[in-house]
Amino acid sequence: MAVTGLGKVRNKRKQEEVEEVEKGPFAGVVDLEMHSEDEAEDEDREGDDASDDGDVDEFPEIDAASDSDEESDEEEEEEEEEEEEEEDDADDLDEEDTLDENSDADSDLHIFPKSKKVVSNITGQTKVVYPEIEPDYDSDSSTEDDPNRVGNIPMHWYDDLPHLGYNINGKRVLRPAKGDELDRFLQTVEDPNSWTTAFDKNTQMDKPLSAEELDIIRRLQAGENPDAEYDPYEPTIEWFTGKGKEEVMPLSSAPEPKRRWLPSKWEKQKIMKIVRAIRQGRIVGSKPSAADKKQQFYAIWNEPPSNQPPPLPAPKPKLPTNSESYNPPEEYLPTEEERKQWENTDPEDRERDYLPHNYSALRLVPAYDQFIKQRFNRQLDLYLAPRIQRVKLNVDPNSLLPKLPSPNSLRPFPNYKSLQFMHTKARVRCLSISPDGAWVASGDESGVISLWEVNVGREVKRWNLGSKVGAIEWCPRLDACFLVAGTEERLHFFIPPNISPAMLTTTQSILAPATLPPTTQSSIKWISTSGAAEDGPILTIELPSASGLSRQLTWHRKGDYLASVSSSETQGSVWMHQISRRHSQAPFKKIKGAVQMVLFHPTKPHFFVATQRYVRLYNLAEQKLLKTLMPGIKWISSMDVHPSGDHIIVGGYDRKLCWFDLELSEKPYKVLRYHSRAIRSLHFHPTYPLFASSSDDGSIQIFHARVYSDLMTDPLIVPLKILRGHDVQEGLGVLQIKWVNKQPWLVSAGADGSVSMWCS
């Protein structure tokens with residue numbers, strides 16, 4: 001029937017065009033067209049009813065060449081319809097005769113894949129097997145685009161790639177071309193259906209939405225059910241209500257479990273446990289309330305009496321004045337200059353928040369433009385009004401300051417510059433004063449060490465080492481006189497001139513004895529030089545390679561041990577040298593942080609080590625860590641120990657000076673911030689209650705520091721004097737300061753190449 005009804009639907013014009021274009025030898029033999037099943041069913045119904053043949057209306061074709069000949073067109077259309085009806089009748093008669101012939105030709109076309117009959121291995125009967133359909137152009141899906149087969153993955157993985165994924169054959173699916181925003185806008189203007197598309201992330205293209213999808217979107221936006229056929233108001237179907245609909249059989253056919261009709265022994269045990277507790281009195285039930293007990297009522301609005309005074313009343317708003325009238329006197333009206341001056345003044349600086357205006361009648365007064373702001377300010381007044389009246393304390397601010405003694409009562413201390421010694425070639429990094437207070441040794445960065453007198457400033461001796469001098473220190477022994485200078489990877493020992501023969505003999509026996517002690521295996525070499533002791537170093541200690549410049553030298557109080565700190569940040573930066581045995585050793589195998597300074601305790605076998613952030617106190621006799629001081633300084637630059645040994649001061653590059661009481665706490669007792677730039681040097685006076693600090697701001701600050709023997713009394717720290725006399729060069733000021741042992745005098749070395757003596 002499907003083949004029979006094909007000729008009834010096609011019109012004459014379309015049939016002629018198809019025959020002219022597609023006519024060939026194959027089409028002449030077989031006259032077969034493929035249609036869908038729906039078309040075949042429609043054609044079957046049309047074939048049954050012969051009266052429907054004439055009801056098909058064909059849309060007339062319009063000839064653009066001749067628009068005026070309407071009558072000729074109508075005649076041609078009528079003739080075409082008559083010819084079409086005649087041909088359809090002829091086709092109905094011929095198709096029945098040619099049906100058998102066409103069926104033989106269909107078998108030769110092989111439109112569908114050929115099948116073969118095989119014998120089943122399971123049933124032993126023959127079965128028809130069709131070959132698998134390959135996704136080529138012969139398959140049903142050959143006309144579809146190759147979809148992106150990447151799966152459910154984040155598509156932003158392909159943002160930087162030229163393709164979007166891969167198709168079913170494993171080939172790349174290239175990214176479609178995209179225009180700019182102007183192209184998209186023009187596309188929306190030209191295409192009226194552009195609003196019915198949606199962007200597909202998988203293919204990076206806009207896909208049109210069907211009418212069903214658009215209806216679902218409309219329903220979702222309107223808050224309706226997406227299903228168009230859903231009726232929320234449909235009547236309820238009573239499945240088990242009414243006569244003959246009662247539920248008789250159970251919902252499950254499983255047998256009823258045994259636990260439903262046997263008492264539970266576990267519940268019995270729990271009940272007996274509660275019964276025993278009630279009998280023993282451990283569980284007491286609530287007593288029944290008396291029937292005649294009346295309900296108690298409370299007056300919720302009554303407040304108990306309070307001993308506090310009543311709250312203060314809210315502040316009252318200011319009453320309007322004559323200038324706020326709608327028709328004020330003329331003397332209240334501002335002139336043009338006063339109006340401009342009021343407008344140019346800031347709102348917080350104005351005397352009044354308004355300008356007086358004059359209106360002839362009250363009905364002409366406009367609405368108040370500052371009404372909302374005025375109401376808001378009034379609410380702030382009520383909200384921020386004080387609720388409690390506090391008694392004001394009349395305290396003198398000066399009484400809160402600590403009572404410090406007058407600086408004049410704390411004399412002597414240095415207050416003026418008495419003399420100055422110059423190093424003309426380079427800045428002075430270090431200096432040291434002899435134990436007797438008569439000589440000063442200063443070294444600069446050019447390698448020159450100058451020895452000069454304290455009283456007159458006359459240079460007595462000069463040594464040139466050829467490399468930068470990083471540290472100088474006199475030996476504290478009184479029976480010998482020599483000093484040590486630290487350079488790059490070397491320590492040089494010098495004997496000053498003009499000393500007594502007995503002291504010279506003792507000094508030479510210490511530094512260059514006749515019989516040398518036995519040598520030990522060490523990376524440090526002790527070298528004695530021959531010749532006059534006054535011309536050069538009498539003894540040289542060669543530190544390990546890559547040790548760097550010696551930044552600090554410090555002696556033990558007995559003068560036999562010398563500690564040196566180098567600029568390298570390894571465990572070999574700290575060395576302990578024993579002069580009598582000519583032996584050197586590194587006291588630390590591993591150091592946490594870069595060591596900045598080291599100091600010996602003045603009375604105990606303790607050793608202070610200052611790293612970048614902390615100060616650690618070690619016991620050399622027991623070889624253990626005693627405590628760690630935390631000054632809270634970002635970078636420690638200097639420190640010094642009080643002669644009593646119970647206090648220590650630490651300075652840093654962040655301008656802080658911390659005073660520690662070793663018996664009190666690991667945190668600083670007091671923190672002083674008087675310098676405007678980094679602190680470079682600190683020093684306690686050996687005998688006077690004084691200490692000083694120098695900074696890169698070019699100033700030296702003198703403090704009175706009295707430590708009492710009573711442990712219950714805090715130390716007294718009083719700032720006394722600020723000394724200014726050094727110039728700041730390249731961001732560096734006063735680099736080192738030292739006190740004269742027996743006098744309240746101070747010696748300072750600056751970056752400007754000068755060494756100054758400050759006296760009282």
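1. Strand S14 (residues 490-494) pairs with strand S16 (residues 539-542). The sense is antiparallel, and the pairing runs over 4 bridges. Phe493 has Leu539 of S16 as its bridge partner. The model is a predicted one, and the points below should be read with that in mind.

2. S16 also pairs with strand S15 (residues 525-528). Here too 4 bridges are found, and the sense is antiparallel. Lys525 stands opposite Glu542 of S16.

3. Of its 6 residues, 6 are buried, so S26 is largely enclosed by the rest of the structure. Both of its faces are covered. His647, Ile649 and Gly651 lie on one side and are buried. Ile648, Val650 and Gly652 lie on the other, and they are buried as well.

4. On one pairing of S26, the partner is strand S25 (residues 636-641). The two run antiparallel and are joined by 5 bridges. Ile636 stands opposite Gly652 of S26. S25 and S26 form a hairpin with 5 residues between the strands. In that hairpin, Gly645 has a positive phi near 85°.

5. S26 pairs with strand S27 (residues 657-661) too, in the antiparallel sense and over 5 bridges. Gly651 has Leu657 in S27 as its bridge partner. This is again a hairpin, with 4 residues between S26 and S27. The positive phi in this turn belongs to Arg655, at about 75°.

6. Another sheet is built from 4 strands and is open. The order is S21-S22-S23-S24, with antiparallel pairing. Strand S21 (597-600) and strand S24 (624-629) are at the edges. Each has a single partner strand, so one side of each is left without a neighbour in the sheet. On average, neighbouring strands of this sheet are turned by 20° against each other, direction ignored.

7. Within that sheet, S21 is joined to strand S22 (residues 606-610) by 4 bridges. The two strands run antiparallel. Phe600 stands opposite Phe607 of S22.

8. Now a helix. H8 covers residues 265-280, which makes 16 residues. From first C-alpha to last it reaches 23 Å, close to the 22 Å expected at 1.5 Å a residue. How many of the 16 residues of H8 are buried? The number is 1, so H8 lies largely in the open.

9. Both ends of H8 have something to check. At the start, a side-chain oxygen of Ser264 reaches to within 3.4 Å of the backbone nitrogen of Trp266. After the helix comes Gly281, whose phi is positive, near 90°.

10. Last, a single loop residue. Lys201 sits in the loop between strand S5 (197-200) and strand S6 (205-208). Is Lys201 buried or exposed? Its relative accessible area is 57%, and exposed means over 50%, so Lys201 counts as exposed. Its C-alpha atom is separated by 9.3 Å from that of His156. Along the chain, Lys201 and His156 are 45 residues apart.

Definitions and conventions:
Residues numbered from 1 in each chain as written. Predicted model: local features only at pLDDT ≥ 70, side-chain atom pairs only at ≥ 80, totals over all residues. Heavy atoms only, no water. Buried < 20%, exposed > 50% of the residue type's maximum accessible area, 1.4 Å probe, protein only. Expected span 1.5 Å × (residues − 1). Polar contact = N/O pair within 3.5 Å; in protein donor to acceptor, adjacent residues only side chain to side chain. Pairing = 2+ DSSP bridges. Axes fitted to C-alpha atoms, helices over the stretch in contact; angles between N-to-C directions.
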